[in-house]
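Have your viewer at hand and follow along.

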There are 2 protein chains.
Amino acid sequence: MKIVTCVAPVNIAVIKYWGKRDEDLILPINDSVSASLSTDVMCTKTTVMGSPSFAGDTFWLNGKEQSFDNPRLKKCLKIVKQRCSPNLPHFNWKISICSENNFPTAAGLASSAAGYACLVYALAQFYEITGEISDIARQGSGSACRSIYGGWVVWHKGALPTGADSIARQIAPATHWPEMRLVILVVNDSRKKYSSTSGMKRTVETSTLIKQRADAVVPLRVEAITAAILTRNFESFADLTMRDSNQMHAVCLDTFPPCVYMNDTSQAIIDLVHSFNEYKKANKAAYTFDAGPNACIYLLDSEVEDFISLVNYVFPKSEAVDRNAYYRGLAQSFDKPCDEDIIKALHLSPYNRGMLKYIIHTRVGDGPKVLTDPKEHLLQNNGSPKTTSS
Amino acid sequence: MKIVTCVAPVNIAVIKYWGKRDEDLILPINDSVSASLSTDVMCTKTTVMGSPSFAGDTFWLNGKEQSFDNPRLKKCLKIVKQRCSPNLPHFNWKISICSENNFPTAAGLASSAAGYACLVYALAQFYEITGEISDIARQGSGSACRSIYGGWVVWHKGALPTGADSIARQIAPATHWPEMRLVILVVNDSRKKYSSTSGMKRTVETSTLIKQRADAVVPLRVEAITAAILTRNFESFADLTMRDSNQMHAVCLDTFPPCVYMNDTSQAIIDLVHSFNEYKKANKAAYTFDAGPNACIYLLDSEVEDFISLVNYVFPKSEAVDRNAYYRGLAQSFDKPCDEDIIKALHLSPYNRGMLKYIIHTRVGDGPKVLTDPKEHLLQNNGSPKTTSS
C-alpha cells in the first residue's frame, strides 16, 4: 500500500486568462499573472492511495463518489505515468483518489484550479516524478498550472504546438510582499451560472476585440505588473489589476451572445473600491472578478480594517447569518465602525441587508505541499473515504 | 411678430456613437446608424417666437425657464444666424424659445437628440435658411444630427477638421420598412446616473480597445447594416444591432474607472431576447441599450404581441401601476397570455413585480416637421409659455 496526501492553493489572477488557442491541450491566447492564496484559509486537499488489493480505480470528490471515466482526470494521470519509471513497484496498482475543498464550491470561487493542481501534485508525489508538472496541471484546468507555485506566478502562454512551453513560473515568493492581503466578498446571486470554459470559447469565436486584448494589451500589462510586484508598487499593481479585470469582462460582453458574470452587487463593489481609493487619494484597494459575481479585493494589511468597516456599512450582514459564518479566514477586527467622515465624503448609504453571503480574509501563500501526518489522509486503508459527505 | 413651431423625433442607434475626436465641434470617432421614431408617440416640440417688443431672449424647457446663456444653445443660434440673410426684418429681434418633450425625461431616454434637432430645425425655419442643418444640430448634441432626418439615418463621421462633412444622411425613409416596430422597456433604476458626454470622453482617454472598435469593427458593421436595412433583412439587422450594443457597453466597461449603464434588469432582458430568438429559431427581436438601463427592442409588427406576452410573464407589472400608464404608444393587444410552450421550452419564471416602469410601443417615423395650426404653438403672444409647468 502507498498513500500520499497534499494540499494546493487557490489562485486569483490579476492579469486574466480568457481564451484558448488550443482547446484540447488548453493553450491560452495570452500570458496571465496570479497570486496563490494561503492554504491555511482556502485549499484543496487530495489523497492518492494505491494498493495491490484494490479491484479498480475510484475517485471521490467532496465526499461523493465520481466516475473515474473523466477525460481530464485520465489525461493528467496518463501524462504523470508517462513521466515516471515503469519499474515502480506500484506502477500498475489500482488507485483511489479523494479530494476535498475546505471552502464551499457553491460559492462560485474557482475550485478547479486548486483541484487539478492538487491532483497533479499528489500524483507526481505518488509516482515519484520530478521536474516540471505545471504543464500537466494545465491540461486538467488551464489556470491550475499557476497553483503549482506559491506567491506570485506567471503562466507563459508558450509558442510550441505541443504546449511544452506553456508553463507557470514563480515571479516572487509570498514572503516578497508579506503585507499583501485579500478580502473576498462572496455575493448572493440566484442567476443561472455558465462555465468559463464555454464562455471563453465563445469569446474567441465571436468577439471582435479579444485579439487586440491578447496581442496588444496583455503583453504590456504582464510586463508592467511583474515590475510592480517586484518593486512592491501597490499603486501601479492596483491600477493594472482593476483595468485588466474590467477588460476581461468587457470582452465577455463583446461575446455573442454576451457572457455576463458580474451583477449589480459586483458593480456596487466596484463603485465602493473606486470611492475608497478616491477618499484615500491613492489606490489602496484593487478589485478583480473571475467568471462569477464575487469580488476579490487585493489590499495591504494596513488597509484591511478600514476597508472592511466600509463594506460592513454599505453591505450590512443579514441578521439571519451568524457572524462566525460570515467573517472567515484570518483573524481581524471586523467591528470597527465606519468612519463618519468617509460616509459623508463619499455620500455612502447602505444597501439592503444580505447582499453578501460572507467575507473571507486571507493572504498570499505558498504552493502545494505534502502533508506527512497520517491523520491528514482522506482515505482509510481500504481506499474508501474517512467521511462520506462534507 | 414671427412664430414657428416644429416637432422632431427621438432616434435609437443600431450602430452606436461612442467617442469624440473633437470635443468642441462634437466630431465622432466612427460613423453611426439609427432609426428616427414616430413623433406621434415620442417627440420634442419647440416654438421659436420673435418680436420687436421683446426686451430680451428667453428659453423655456419643459415648463421651466432656463438661462439663455447656454453655450450649446448659443452656438446653434449663432451658426443658424451666420447662414441666414442679415436683411431679414426679424434678424435682430429678441426671441423666445419654448421646448417640451412629450415623454418623461426622467425615463433616461435620450431627450437631447430630439431636443437639439427640434431647436435647430425650428431656428432654421424661423431664420429661413435652407440646405444642410444636421451639422448645426450635431454641435448641440452629437446624435441630434440623426434626428434631422426621418426613417433610417447614417451619421458620417467626416474627415474635415472643420466638421463640415460630419453630417447625417437618410439611408431609407420609414416607408421603406413599414413593418418595423420598437418596444421600449423602461427599467426601474435607483442608481446614480452619469452622463454619456463624460462617459465617452473617459472611454476615448482610457480604453485600450476603443480604437480597434472605431477603426476596424464599426466601418464593416455600418456597411453591413446599411445593406440589411436596404434589403429588409431582419436576421442580419438584428444580429448586427445586438452585437454593436454589446460592444459599446464592452468599451464602456473597458473604460477606467468603468462606465456601467446596464443593470441586472437590462441583463435579464438581454437573456429574454436571446431565449425568444432561440425559441423562434431565428432573430425575431433585437435589443439595443444606450447610456442607461432601458432596453429598445427592434422587431417586426408580426412579433410584437408574442414578445410583449413574454415580457408580461417574465416582468409582471406592479399592481400599483395603472395599465394605461404602463402600456404607452401604439395600440396593441397587450393582454395575450404567454404561450405555455414557450414558458416550458425556455424554463422561464417571473421576476418580482415592478422591475419595469412602463412599456412604449412605437414605430420608425418621419423627420422633423413644421406644425402650422396656431393651437400648436407653445408660446403666447407676449412670449411666455401657454402652460408654465408640465
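## Where the chains meet

Two residues are in contact if their C-beta atoms, placed from the backbone, lie within 7 Å. By that criterion, 22 residues of chain A are in contact with 22 residues of chain B. On the chain A side, the elements that give two or more residues are α5 (210-230), α6 (234-253) and α7 (264-280) of chain A. The biggest share comes from α6(A), with seven residues. Helices (H or I, at least four residues) and strands (E, at least two) are DSSP runs, numbered from the N terminus.

What is the make-up, by class, of the side of chain A that touches chain B? There are ten nonpolar, eight polar and four charged residues. Here Ala, Val, Leu, Ile, Met, Phe, Trp, Tyr, Cys and Pro count as nonpolar, Asp, Glu, Lys and Arg as charged, and the others, Gly among them, as polar.

## About the model

This is a predicted model, in which local features need pLDDT of at least 70 and side-chain atom pairs count only at pLDDT 80 or more, while totals for chains, interfaces and linings use all residues. Residues are numbered from 1 along each chain as its sequence is written, with chains lettered from A and ligands numbered from 1 in the order in which they are written.

## The six-stranded sheet of chain B

Strands of a sheet pair through backbone hydrogen bonds, either parallel or antiparallel. Two strands count as paired if DSSP finds at least two bridges between them. In chain B, six strands form an open sheet with mixed pairing, in the order β8-β7-β9-β6-β1-β17. Its edges are β8 (64-66) and β17 (369-370) of chain B, each pairing on one side only.

Strands β1 (residues 2-9) and β6 (residues 43-51) of chain B run antiparallel and are joined by eight bridges. Look for B:Val7, whose bridge partner in β6(B) is B:Lys45. Helix α2 (residues 112-126) of chain B packs on this sheet, touching β1, β6, β9 (94-101) and β17 of chain B, and its direction makes about 145° with that of β1(B). For such angles, axes are lines fitted to C-alpha atoms, for helices over the stretch in contact, and values run from 0 to 180 degrees between N-to-C directions.

## The five-stranded sheet of chain B

Another open sheet of chain B, also mixed in pairing, has five strands in the order β13-β14-β12-β16-β15. Strands β13 (285-289) and β15 (327-329) of chain B are the edges.

Six bridges pair β12 (residues 180-187) with β14 (residues 295-300) of chain B in the antiparallel sense, and B:Arg181 stands opposite B:Leu299 in β14(B). Helix α6 (residues 234-253) of chain B packs on the sheet, touching β13 and β14 of chain B, at about 25° to the direction of β13(B).
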